[in-house]
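Good morning, colleagues. Please take a moment to look at the sequence and the model before I describe them.

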Amino acid sequence: MGSRVYIGRLPYHAREKDVERFFRGYGRIREINLKNGFGFVEFDDPRDADDAVYELNGKELCGERVSVEHARGIPRGSGGRFMYPPPGRDRYGPPVRTDYRLIVENLSSRCSWQRAMVGPLLLPLRPRGLVSG
């Protein structure tokens with residue numbers, strides 16, 4: 001197995017320092033790469049990655065149980081990086097609730113709010129004066 005470890009079910013609020021602390025004591029970390037809901041940790045020594053997978057799978061990180069396993073996927077580029085999740089899967093994870101809200105008022109009952117929002121947003125982006133044939 002390689003020296004790259006996949007972390008699944010990673011809390012969205014987890015930071016690089018949290019992951020660094022979580023893997024402390026399992027060997028020298030070469031790189032930490034966090035995404036939405038998952039991440040990768042690359043160790044200098046593949047044996048350290050084996051130990052981390054064996055010991056940390058199912059443990060809690062930032063209050064959530066994470067899955068820790070050897071990274072699979074297709075290497076991408078010449079840097080030995082892996083593409084995960086594999087193509088065709090959602091790469092951004094589930095929606096995240098924010099403090100921002102949109103209020104739509106005084107809308108005609110003959111129009112949907114989605115159509116009302118798309119129109120004004122797209123108008124400035126359309127090229128004007130083009131003739132199509």
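From the N terminus on, the elements of the protein chain follow the order β-α-β-β-α-β-β-β-β-β-α, giving 3 helices and 8 strands. Helices (H or I, at least four residues) and strands (E, at least two) are DSSP runs, numbered from the N terminus. This is a predicted model, in which local features need pLDDT of at least 70, side-chain atom pairs count only at pLDDT 80 or more, and totals for chains, interfaces and linings use all residues. Residues are numbered from 1 along each chain as its sequence is written, and side-chain values use heavy atoms, with hydrogens and water left out.

The protein chain has 133 residues, of which 28% count as buried. Buried means under 20% relative accessible area, exposed over 50%, and partly exposed in between, with a 1.4 Å probe and protein chains only.

Let us turn to helix H2. Which residues of helix H2 (residues 46-56) are buried? They are Asp48, Ala49, Ala52, Val53 and Leu56. These residues lie on the same side of H2, because they cover an arc of only 135° around the axis; the arc is that of the directions from the helix axis to the C-beta atoms. The face turned away from this buried side carries the exposed residues Arg47 and Tyr54. Strand S1 (4-8), helix H1 (16-22), strand S3 (38-43) and strand S6 (67-70) are among the elements that cover the buried residues of H2. Just after H2, Gly58 takes a positive phi of about 90°.

Finally, Val104 is found in the loop between strand S8 (81-83) and helix H3 (113-122). Val104 is partly exposed, with a relative accessible area of 36%.

Notes. Contact = heavy atoms within 4.5 Å.
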